[in-house]
Amino acid sequence: MTACFSKYALVIALTGITCLPFYSLAANSDKVTGLQCEHLVNPIGIDNDHPRLSWQMTNEKPGAQQAAYRYFLGTDSLGVATGKSVFWASSKAISSVHLVTYQGKRLSPFTRYYWRVELWEPGSAVPVSSGVAYFETGLMDQRNWQGAWISDNRDVQIKAAPYFRKGFALSKPIRSARAYIAAAGLYELSINGQRVGNHRLDPMFTRYDRCNLYVTYDVTALLQNGDNAVGVLLGNGWYNHQSTAVWYFHQAPWRARPAFCLDLRITYDDGTVETVRSGKGWKTSAGPLVFNSIYTGEHYDARLELAGWDKPGFDDSKWKGTMNRAAPSPHIVAQALQPVRNVEAIAARSVTQLDSLSWVFDLGRNISGVSRITVSGAAGTVVRLKHGERLYQNGHVDQSNIDVHYRPTDDKDPFQTDIFILSGKGEETFMPRFNYKGFQYVEVTASVPVTLTQQSLSASFMHSDVPVAGSIRSSNPLLNKIWEATNNTYLSNLFGYPTDCPQREKNGWTGDGHINIETGLYNYDAVTIYEKWMADHRDEQQPNGVLPCIIPTSGWGYESGNGPDWTSTIAIIPWQVYLFYGDSKLLADCYDNIKRYVDYINEKYPSGLTSWGLGDWVPIKSKASVELTSTAYYYASTLILAKAAKLFGKAADQTTYKALAGKIKQAFNAKYFNAASGLYGTGIQTEMSVPLYWGLVPAGQQARVAANLAKRVMADGNQLDVGLLGTKAILSALSDNGYSDLAYRLATRDQYPSWGWWIVNGATTLYENWPLDAKADISMNHIMFGDIGGWFYKGIGGIKPDEQQPGFKNIILEPQFVEGLEAFEASHQGPYGAIVSSWKKTGGIISWEVTIPANSTATIRLPNKKITLQGRVVDAGKPLVLRAGSYRFEMQ
Ligand code: BGC
């Protein structure tokens with residue numbers, strides 16, 4: 001104790017080492033923040049009658065811990081703030097949990113509930129309180145819808161998008177109003193001429209004939225006393241896929257003309273409620289949006305604009321009546337997730353005029369999203385905007401790396417191309433509503449000369465607008481750029497479900513999804529997207545347990561591409577969400593699905609070995625045995641199932657699946673492990689890394705196998721020789737087993753083949769293939785090889801979740817002070833707050849600073865060096881457990 005130099009005296013280590021965080025705060029700064037409901041801040045339109053509530057203790061006092069909590073919920077914010085008028089008060093729970101499932105009185109639909117939480121620190125009689133947060137329930141029950149599903153009832157082949165409108169009058173003062181809108185396809189909603197909200201491409205893509213999402217908006221401010229009008233513009237999205245491309249979405253069983261259902265629920269000052277709803281009395285017409293495809297582009301003829309169509313007083317006498325139709329599925333549920341938005345505005349970096357009618361704009365970086373052009377010209381001038389990731393030598397946009405799955409039947413639907421026909425009424429702006437693309441360059445061609453400058457075109461980076469949850473900084477600029485490119489790619493592939501690429505396919509490839517789950521969760525608070533995607537998985541699963549390789553799918557993918565190496569998403573993603581958030585709901589929701597899936601493989605492959613799968617996709621040189629990699633994923637899913645069974649107290653399942661995992665492991669090692677040589681399979685990098693990473697190596701053999709892997713990498717010239725499954729495993733297989741220097745060297749190599757090779761050649765996103773001149777699989781915005789973005793946190797920063805205390809309740813901190821790197825900092829915003837691992841080397845001394853958030857602990861694992869913690873010598877051989885606070889270690 002005497003060696004410590006702070007006024008706080010805390011026992012910080014279970015080992016008996018006693019020390020203190022290096023800073024101290026004079027005053028009590030007890031705070032409770034970060035209140036979330038269903039992992040969202042103050043959400044409106046929640047359908048869950050047992051919503052999850054969570055908070056963070058942001059108490060900077062060293063060693064701060066929550067000893068007990070209590071929460072209040074009610075419909076009156078003041079009553080909740082004072083605790084005097086509440087609908088539900090939980091009892092005081094002696095617990096440090098920060099995430100609870102509401103178990104109080106039954107919640108009502110259409111209701112705003114305010115809530116706050118009180119926390120006690122150990123030994124304190126008086127709690128500290130959070131501020132008041134809220135959530136608002138939505139319809140909660142299908143029977144609460146009042147509107148009818150309506151469409152314009154035209155043929156699915158008709159290209160023009162339908163506009164819908166209804167005028168109505170309100171005569172009493174309005175207290176509040178909500179719009180609840182569900183659509184089969186995409187919608188834009190407007191009230192009195194103003195667009196509602198800033199979401200893009202709503203509602204998110206689901207298996208439309210099994211589940212549809214509805215979105216809730218607070219529209220109080222948009223309504224007025226007297227005459228009002230509501231307008232709905234419908235797009236096709238994946239619902240009415242008119243373009244022809246891979247995976248047969250144009251033949252989807254759900255395909256029909258887009259439709260929607262709307263309840264505009266108005267509560268008056270006097271407490272009465274009126275619902276303006278979709279149904280008879282609405283009018284519909286075609287308009288300027290003459291073609292829209294989520295896959296290819298949008299065509300807009302401004303000459304056909306319907307000025308004032310969504311405002312009161314518009315003459316809709318020539319518009320047609322609408323037709324009621326059946327709901328697209330029996331499940332219309334709340335879209336409780338971060339929406340897609342135009343997140344970042346990007347100015348063109350340059351423009352080059354190619355000839356009198358065409359220009360190429362360069363954004364300077366590859367993105368997913370849309371361009372926006374402002375131009376003036378004569379009525380009928382046709383402006384085409386062709387988007388691509390690269391240029392031909394002659395400066396024109398080259399789409400040949402991304403158009404391979406585009407199968408046009410005529411020339412009316414050009415790929416990644418918008419067509420804007422000018423009205424001739426001065427300066428006009430166009431941005432597509434129901435499409436996005438992957439691109440860096442836009443080639444603009446006009447049918448007659450127009451004037452364009454660099455400012456005429458800009459772009460928006462679009463993606464699911466998930467909060468940032470992590471950052472990496474290091475003294476190696478290449479490492480920093482690889483991390484940034486990985487994030488650009490991850491976000492470019494997040495559109496309410498994770499995709500493979502934003503241009504060629506835009507599909508929810510399962511393998512790409514689970515390979516990048518850690519990259520996603522270290523860097524972004526993306527849980528809501530994964531919860532939705534796992535619901536899509538449950539909707540797509542066959543009764544026999546089989547899942548398709550792309551999700552959502554319209555039916556393709558149950559017969560090929562869907563082995564355990566891809567569709568183990570069903571187990572891996574809920575498990576990682578559990579590890580990162582400490583929230584077992586998703587795992588519980590998917591439990592039966594994982595079980596059906598594992599049972600199916602067991603029935604079909606009773607030996608425990610399976611060669612079902614695609615294998616190590618896009619390898620550099622050597623292709624690993626498909627049976628080796630697929631069996632490893634089968635094992636991983638079975639093990640997760642056994643662990644989930646234990647967690648949920650399903651003892652019989654636990655025994656069954658533990659035994660099955662053991663059997664798979666044994667069969668795997670019997671066939672692939674050569675005990676004499678310590679090699680797996682033919683000894684190539686993926687075959688050596690995968691067993692290490694997924695825990696298949698027999699006890700006591702890890703060091704030998706890892707040494708052989710390292711030898712193999714060195715024999716391969718210190719360079720990668722892996723494909724998709726190998727990239728997931730190799731860096732961790734090395735860094736977890738004593739070869740972090742080598743892992744770092746691989747990760748930051750700048751020669752072919754490597755991530756760095758792309759970067760030094762100008763990449764701002766990750767590529768699908770290693771050589772820059774590859775002939776196939778050459779998208780330039782592919783998340784496939786993106787696991788490296790998560791590895792930086794764990795493999796160098798050493799921030800890892802602890803399976804025994806998930807959600808970073810206890811953090812494993814195991815930094816690797818790798819050779820050749822001078823300084824590194826990883827920070828991750830976990831459920832308890834910011835976790836920081838920051839180190840630098842100065843004159844032979846490594847100093848490492850860590851931050852452990854309140855109400856959590858960390859287990860420190862350090863290399864066997866002479867270590868001091870805040871000046872005091874630490875026995876590196878002993879595990880060290882630290883409580884919340886900031887600490888500085890020094891090592892020689
Ligand atoms: C996709 C990949 C995917 C692969 C599997 C490709 O077309 O873009 O990312 O995982 O197919 O077959």
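Modeller: A crossing is left-handed if the near helix is turned anticlockwise from the far one by less than a right angle, and right-handed if clockwise. Helices (H or I, at least four residues) and strands (E, at least two) are DSSP runs, numbered from the N terminus. The crossing of H11 and H13 is left-handed. This is a predicted model: local features need pLDDT of at least 70, side-chain atom pairs count only at pLDDT 80 or more, and totals for chains, interfaces and linings use all residues. Residues are numbered from 1 along each chain as its sequence is written, and side-chain values use heavy atoms, with hydrogens and water left out.

Biologist: Why are H11 and H13 called roughly perpendicular?

Modeller: Axes are lines fitted to C-alpha atoms, for helices over the stretch in contact, and angles run from 0 to 180 degrees between N-to-C directions. Under 35 degrees is roughly parallel, over 145 roughly antiparallel, 65 to 115 roughly perpendicular, and the rest oblique. H11 (residues 685-693) and H13 (residues 724-735) pack at about 65 degrees, with axes 8 Å apart. H11 and H13 are therefore roughly perpendicular.

Biologist: Which residues of H11 and H13 make the contact?

Modeller: Contact means heavy atoms within 4.5 Å. Among the residues in contact are Ser-689 and Tyr-693 of H11, and Lys-728 and Ile-730 of H13. By class, the contact has 7 nonpolar, 5 polar and 1 charged residues. Ala, Val, Leu, Ile, Met, Phe, Trp, Tyr, Cys and Pro count as nonpolar, Asp, Glu, Lys and Arg as charged, and the others, Gly among them, as polar.

Biologist: What makes H7 and H9 oblique?

Modeller: The axes of H7 (residues 569-581) and H9 (residues 626-647) cross at roughly 50 degrees and come within 9 Å. H7 and H9 are therefore oblique to each other. Their crossing is left-handed. Ala-571, Ile-572, Trp-575 and Tyr-578 in H7 meet Tyr-633, Ser-637, Ile-640, Lys-643 and Leu-647 in H9. That contact has 7 nonpolar, 1 polar and 1 charged residues.

Biologist: Which residues are around the ligand?

Modeller: A residue is near a molecule or strand if one of its heavy atoms lies within 4 Å of it. The residues around the ligand include Asp-500, Arg-504, Asp-512, Trp-566 and His-782.

Biologist: How far is a ligand oxygen from an N or O atom in the side chain of Asp-512?

Modeller: It is 2.5 Å. A polar contact is a pair of N or O atoms within 3.5 Å; within protein, one must be able to donate a hydrogen and the other to accept it, and residues adjacent in sequence count only if both atoms are side-chain atoms. For the side chain of His-782, the distance from a ligand oxygen to an N or O atom is 2.9 Å.
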